[in-house]
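Thanks for asking me to look this over with you. My comments follow as numbered points, and each one is meant to be read with the model open beside it.

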Protein chains: 2
Amino acid sequence: MSETSVLPDKAALVDLKVACSTCSLRELCLPVGINASEIERLDQLVERRVAVPRGACLYQRGEPFQALFAVKAGFFKTRASSGGREHVTGFQMAGEVLGLDGIGTERHTCDAVALEDSQVCRIEFDQLAELSRRIAPLQRHLHRLIGREVVRDQRVMMLLGTMRAEQRLAAFLLNLSQRFAIRGFSASAMLLRMTREEMGSYLGLKLETVSRCLSKFADDGVLAVHNRDVRILNPQVLEEIVEAATI
Amino acid sequence: MSETSVLPDKAALVDLKVACSTCSLRELCLPVGINASEIERLDQLVERRVAVPRGACLYQRGEPFQALFAVKAGFFKTRASSGGREHVTGFQMAGEVLGLDGIGTERHTCDAVALEDSQVCRIEFDQLAELSRRIAPLQRHLHRLIGREVVRDQRVMMLLGTMRAEQRLAAFLLNLSQRFAIRGFSASAMLLRMTREEMGSYLGLKLETVSRCLSKFADDGVLAVHNRDVRILNPQVLEEIVEAATI
DNA sequence: CGAGGTGTTGAGATTTGTCAACCTACGTGG
DNA sequence: CCACGTAGGTTGACAAATCTCAACACCTCG
């Protein structure tokens, strides 16, 4: 994985002329309650279907923050690093938003790396902010977008701060499963896009611990695991594991 | 500590007629680059110096999100809970902002509890958002405010995900120290407002572990610890501890 | 077919949690 | 004003969880 920044390589930009207004991710990216002409204006901000090959960075830590990205297809991880320490802060799939980490400091605070060949839509943040000043529902939508990131992060903090290994992994798998299900994929049969090490980094565990927990879940009949192909056989037991006594 | 919600008990509201424009926390709460008449309009949004007695909740999980709060004086913790699990998600001191957790879902996702008698200014969020639509620098300020919360949370995620006990505690003390220093207090002599248990909850550790680490730091001559009175004798060593090898 | 990245498993070391005892400081009520 | 009760803090011994290191299997991709 070379991890060179893929932007602003305009050659990689493939505009398929699919407007936001007809996009299948519409309800995820667009605010409700805005009218046709407003959608039209929003459409014009969006640089559509930027390709990000597997292993490439969509943006890197320290780069000036300029845009938000909606994942159109593919799978990403975000990775923070400081003082030799590295930590996966999240995984983003189609219909989710990347780049919110840059709003606070005007610079990106983590790298966004494609874990498979992916496509994103790019929205210049200044333009989005400007437009949101004139369209109240868009402003509300933007606030919610950033605010939900705060809530997500706090849930991960709780996971890292109060759960033991098996609980973290169970919670992670259930979360992935739900997110796949929302997108119309199977909630039980998942193809993980990340390595054990990346899972471990996200969950605050070593890769061996992740592997051992997966094996244990498989032994217990809760999962079927074949490398990255993970099937949830008994989601209820996973939920019970999450709810079990805290650390 | 009764922890009853202190709002909307208007009797507790003490308006000292100190406007934002002359407030000592001005640079923390007010955006730069807005003019006098704009400041005036912002002033009018602010409900000043709401008193929150020690142990009371400024807001609670599940309540509709209506306002942001600037801590004027005092000290708070925010506490998330779900399924019997409880986790301190942060500590807020004078000049810092509370309530951002509610933006994402329109409801607060954690409790804000005063750890000592405190005062806050209250800013109705809808009004702030409305005003920010007309004052671009205010909008920018608001975005940064929420965005910085994301960055803060991600730093805590890294702390919880990659550091061992001593490192977490060292990083926590240095962070507190810096925040006190910024406010003109001593960077070395601190009076902690929280219990060992609350520190532990924030850091993903048991209170005994926190206590042991503090004792060890004291033995090593890095700290002087007398209950909640903690003096940093050697910040450099603390920094080295933080930078030391990861888990 | 080989190499390297990825994943699994075992044994032992280390860190952290658990439980218990005890100490101290503080606030309350007599 | 003192005594007492309680919450908070410290420390020790031990248990449990997780990490570390190592060996090896597997799979994919040149």
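1. Let's start at DNA strand C, which is surrounded by 19 residues. Thr195(A), Ser211(A), Ser215(A), Arg164(B) and Thr209(B) are the closest of them, where "near" asks for a C-beta atom, placed from the backbone, within 6 Å of the strand. Please keep in mind that this is a predicted model, in which local features need pLDDT of at least 70, side-chain atom pairs count only at pLDDT 80 or more, and totals for chains, interfaces and linings use all residues. As for names, residues are numbered from 1 along each chain as its sequence is written, while chains are lettered from A and ligands numbered from 1 in the order in which they are written.

2. Which elements form the surface near DNA strand C? At least two residues each come from α6 (196-203) and α7 (207-219) of chain A and from α7 (207-219) of chain B. Helices (H or I, at least four residues) and strands (E, at least two) are DSSP runs, numbered from the N terminus. α7(A) has the largest share, six residues. By class, this surface has six nonpolar, five polar and eight charged residues. Here Ala, Val, Leu, Ile, Met, Phe, Trp, Tyr, Cys and Pro count as nonpolar, Asp, Glu, Lys and Arg as charged, and the others, Gly among them, as polar.

3. Now turn to DNA strand D, with 20 residues around it. Those that come nearest are Arg164(A), Ala165(A), Thr209(A), Thr195(B) and Ser215(B). α7 of chain A, together with α6 (196-203) and α7 of chain B, each give at least two residues to this surface. The most come from α7(B), with six residues. The classes are six nonpolar, six polar and eight charged.

4. How are the two protein chains related? In general, two copies of a chain are related by a rotation about an axis and a shift along it. In this model, a rotation of 180° with 0.0 Å of shift along its axis places chain B on chain A, with an RMSD of 0.0 Å. That is the relation of a two-fold axis. The superposition is by least squares on the C-alpha atoms of residues with pLDDT of at least 70 in both copies. In chain B, the residue closest to the rotation axis is Arg133(B), with its C-alpha at 2.2 Å.

5. Have a look at where the chains meet. Chain B puts 35 residues in contact with 35 residues of chain A; a contact means that two C-beta atoms, placed from the backbone, lie within 7 Å. On the chain B side, two or more residues come from each of β4 (75-82), β5 (85-93), α3 (125-134) and α4 (136-162). The most, 18 residues, come from α4(B). This side divides into twelve nonpolar, 15 polar and eight charged residues. The copies meet through the same surface, because 100% of the interface residues of chain B are also interface residues in chain A.

6. Within chain A there are eight helices and eleven strands. Its assigned domains are domain 1 (10-159) and domain 2 (163-243), with bounds from an automatic or database domain assignment. The C-alpha centres of these two domains of chain A are 26 Å apart. Their contact takes twelve residues from domain 1 and ten residues from domain 2. On the domain 1 side, β4 (75-82) and β5 (85-93) of chain A each supply at least two residues, and β5(A) has the largest share, five residues.

7. The largest nonpolar core has 138 residues. Such a core is a set of buried Ala, Val, Leu, Ile, Met, Phe, Trp, Tyr and Cys residues joined through C-beta atoms within 7 Å. A residue is buried if 20 or more other C-beta atoms lie within 10 Å of its own, exposed if 12 or fewer, and partly exposed in between, with C-beta atoms placed from the backbone. Leu58(A), Phe76(A), Leu58(B) and Phe76(B) touch the most other members. Not counting residues up to four places away in sequence, Phe76(B) touches residues including Leu58(B), Val71(B), Phe91(B) and Leu98(B).

8. Glu106(A) sits in the loop between β6 (97-98) and β7 (111-114) of chain A.
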